[in-house]
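Please look at the sequence and the structure shown here before reading the report.

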Amino acid sequence: MSPPCDLGGRGVLVTRPEGQAHGLCRLIEAAGGRPVPFPGIRILPVLHDRVDFGSLAAGLCSELDPRVVAVELPTTLAEAVGTAVARLPQMSAVIAEEPGEDAVVWIAAAGDPMVEALRWAAENNRKTVFIDPDVRYRGRHLESFPDPQVIHDLGPETYVEIVGRMAANQPSDDGDELRERGMAHHLQRAASETDGMILALVGAAHAARVAELLNGPTAPPLARQRRTSVLVRNLHPDDLSGVLRDPPLAHAVHEHLRRGDLPPEPEFHRTASRRIELRRDGLRVISGEPIVEEAERAEAVAAWAAHQA
């Protein structure tokens with residue numbers, strides 16, 4: 001007969017479904033342990049920066065009503081990201097720099113899935129956890145996934161399933177493994193500190209491997225704990241098309257629909273530009289529309305498009 005186990009007051013994470021956890025919790029208590037039950041960690045694979053996934057993330061948060069929202073963003077940027085998200089709909093750039101390394105830049109834009117999950121958490125008084133360990137990126141992978149616009153034709157579940165299958169064939173390296181182990185560790189630690197569901201938004205290329213790592217033990221990642229310089233800076237409207245993956249108009253329409261208070265639909269002629277720009281002998285010749293009218297037209301285009309969505 002095996003000797004009795006003495007857990008010495010240690011906390012033990014119970015990952016069984018709520019209806020099956022009671023017996024195991026009793027055994028843990030009998031062995032001197034402290035059972036920590038939780039309904040589970042739900043992982044939503046997302047494509048970063050894409051507006052279609054922003055709507056999906058916000059809808060899933062409302063449907064599941066998680067106790068904790070976890071996002072695949074560097075742990076060292078939590079404060080700056082919070083500041084940038086609170087400034088929305090004014091878009092910002094979070095810029096983190098270290099000597100001898102490329103800068104890390106993250107854009108806080110309406111419609112980004114991480115942004116919309118964080119906004120939902122703030123509006124519903126939910127805890128947020130940043131799970132991506134801040135390790136030096138050795139390189140960027142060119143990831144290939146279907147245009148997220150087809151979510152509206154295939155449905156979210158089918159699209160996410162397709163992305164998951166494709167992600168299994170995407171290239172990865174030691175740096176990816178280090179980050180994924182760190183994400184799993186942060187999720188396990190968050191689960192041990194809450195008694196409710198955790199919804200984790202993880203990039204599609206990492207989601208399946210992070211989920212698999214949750215089934216075993218993890219260790220704290222060897223990662224940077226703070227950054228030398230982290231700044232939050234305004235983005236000029238003229239720069240948006242150069243830093244956003246989706247057209248700025250898509251983000252503007254998302255924000256109109258998110259607020260639910262559409263402005264009156266403008267007449268279509270107000271969306272047409274009378275501004276003409278020509279390049280001649282190295283100079284830019286501008287004719288037809290003052291800057292003020294251009295800004296008003298941009299607002300009219302966003303409002304008109306929101307009414308068509």
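## Basis of the model

This is a predicted model, in which local features need pLDDT of at least 70 and side-chain atom pairs count only at pLDDT 80 or more, while totals for chains, interfaces and linings use all residues. Residues are numbered from 1 along each chain as its sequence is written, and side-chain values use heavy atoms, with hydrogens and water left out.

An open sheet is formed by 4 strands in the order 3-8-4-7, with parallel pairing. Because strand 3 (41-46) and strand 7 (127-132) stand at the edges with a single partner strand each, one side of each has no neighbour in the sheet. On average, neighbouring strands of this sheet are turned by 30° against each other, direction ignored.

Strand 3 and strand 8 (residues 198-203) run parallel and are joined by 6 bridges, where pairing requires at least two bridges found by DSSP. Ile 43 stands opposite Ala 200 in strand 8.

## The helix packing

Helix 4 packs on the sheet and touches strand 3, strand 4, strand 7 and strand 8 (contact means heavy atoms within 4.5 Å).

## Glu 116

Glu 116 lies in helix 4 (residues 113-123), and it counts as buried because its relative accessibility is 2% (buried means under 20% relative accessible area, with a 1.4 Å probe and protein chains only). Leaving aside residues up to four places away in sequence, Glu 116 touches Gly 54, Ala 58, Ala 110, Gly 111, His 254 and Arg 258.

Technical notes. Helix = DSSP H or I, 4+ residues; strand = E, 2+ residues; numbered from the N terminus. Buried < 20%, exposed > 50% of the residue type's maximum accessible area, 1.4 Å probe, protein only. Axes fitted to C-alpha atoms, helices over the stretch in contact; angles between N-to-C directions.
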